[in-house]
Amino acid sequence: CALVGRGHERIVAELSSFQLEHARKLRANVAVLLNLAPDHLDRHGSLSGYGAAKARLAELQRAEDALVVNRDDAWARGVGDRSPARVFGFSTERRLESGAYKDGADLVLAPQGPVELRIPISALSAASRRPVANALAAALAARLAGATTEAISRTLARCAGLPHRVRDVCVRAGVRYVDDSKATNPAAAIASLLAQETPIVWLAGGRNKGLAFDELAVAARGASVRRAVVYGESSAELERALAGACPIERVANLAEAVATAAACARP
C-alpha cells in the first residue's frame, strides 16, 4: 500500500486471502490464480470460504484486464469461467490452444495462440523449475504485462528464487541446505518435496492451521525422504501422520532440528 501514488509504472504484489477477503476497490491489471489447497482454515472456516476470499482478486477486475489461471486446478478454472476479464491459462499436463504450457521437455509461451517463446526446461534455473508451473504462470503474466520474450527467457534462466521459498542456503560437507520456511501448509510442503532431485532430510514443524497432514506420508515416500525431524507445536501430530513413511526424530525446537539433521545428512 505504501507504494501507491509514488509514480511507479507497475507494482507487482503477492496478496493474501486475509487482504483480499475485504477488498472492494482493488484492481489488478494482470491477476494470477495458481491453485486452491487447504490453508488458513482456522480463519476462513472452510475451504470454500478460503477460495471465496482468494477469488476476490478476479472478481474485481474489468473486461480489459487479464486473468491468468491454472487450467490444471478445478477451482482456478471455475473462477476463470466467471471472470469479467480476459482469461489466459497455463498447464503442465496438456498443450493449450493459447496460453503457456509444458510440451515434453520444453516450456512454451503462446498467449494469443502462435508460439512466441519455447525454452528447454533444462535451461531454466533451479528456482524456476521448483515447480515449473510457477515459471509458466510468471512467464505468461509478465508477457501480458508487456515484458519481452527475451527478458522472460533471460530471467527464467537466472532467477535465484525468493527468500524462504526452496532457497539454497549453503553447501557444507557436501550437503545442500535448503530454506523452504514459506511452505506453511501441506500442499506447499508436498510440492517442495517432490521438486527435489536427491534424498532429503526433512525438517518439519510449527503450528497447524486446522489442516490435515494425511498426504504428507505419501509425499515423503515419493520424494525419497530419508528422515523427518519434527519439532514445534505440531510435532506429535506430524509424528503420527508420518509413521511408517520414513524414520522420524522428534526434537524440541528448530535449533535442535538443524543439528540433528546435519548429524544424519550425507553428501
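Predicted model: local features only at pLDDT ≥ 70, side-chain atom pairs only at ≥ 80, totals over all residues.
Residues are numbered from 1 along each chain as its sequence is written, and side-chain values use heavy atoms, with hydrogens and water left out.

**View 1. Arg165 and Glu14, a salt bridge across the sequence.** The closest N and O atoms of this pair are 2.8 Å apart. Arg165 sits in the loop between α6 (149-158) and β7 (167-172) and Glu14 in the segment before α1, so the bridge ties together parts that are 151 residues apart in sequence. Arg165 is partly exposed at 31% relative accessibility, whereas Glu14 is exposed at 62%. To count as a salt bridge, a side-chain nitrogen of Lys or Arg has to be within 4 Å of a carboxyl oxygen of Asp or Glu. The structure holds 13 of them. Helices (H or I, at least four residues) and strands (E, at least two) are DSSP runs, numbered from the N terminus.

View 2. Arg94 and Asp72 meet through their side chains at 3.3 Å, N to O. Arg94 belongs to the loop between β3 (86-91) and β4 (99-103) and Asp72 to the loop between β2 (66-70) and α4 (74-81), so parts 22 residues apart in sequence are tied together. Both residues are partly exposed, Arg94 at 37% and Asp72 at 21%. Then there is Arg207 with Glu233, where the closest N and O atoms are 2.8 Å apart. This pair links the loop between β9 (200-205) and α8 (214-222), which holds Arg207, to the loop between β10 (225-231) and α9 (235-242), which holds Glu233, 26 residues away. Arg207 is exposed at 61%, and so is Glu233 at 59%. Elsewhere, Arg27, Glu64 and Asp65 are linked in a network of salt bridges.

**View 3. Leu140 and the largest nonpolar core.** Which residues touch the most other members of this core? Out of 21 residues, they are Phe90, Leu107, Leu124, Leu140 and Leu156. Two or more residues each come from β2, β3, β5 (106-110), β6 (117-120), α5 (132-144) and α6, with α5 giving the largest share, eight residues. Leaving aside neighbours within four places in sequence, Leu140 is in contact (heavy atoms within 4.5 Å) with Val68, Phe88, Gly89, Phe90, Gly99, Ala100, Leu109 and Pro111. Apart from this core lies another, of 19 residues, including Ala189, Ile190, Leu238 and Ala245. A nonpolar core means a set of buried Ala, Val, Leu, Ile, Met, Phe, Trp, Tyr and Cys residues joined through side-chain atoms within 4.5 Å. In soluble globular proteins, nonpolar side chains tend to be buried together.

**View 4. Arg10 and Ile11, in the segment before α1.** Both Arg10 and Ile11 are found in this segment, with α1 spanning 17-20. Arg10 is partly exposed at 46% relative accessibility, and Ile11 is partly exposed at 44%. Not counting residues up to four places away in sequence, Arg10 touches Asn29 and Ala145. From Arg10 to Glu249 is 239 residues in sequence and 47 Å in space, C-alpha to C-alpha.

**View 5. Ser83, in the loop between α4 and β3.** Ser83 counts as buried, at 15% relative accessibility. Residues up to four places away in sequence aside, Ser83 touches Ala58, Gln61 and Leu67.

How values were computed:
Buried < 20%, exposed > 50% of the residue type's maximum accessible area, 1.4 Å probe, protein only.
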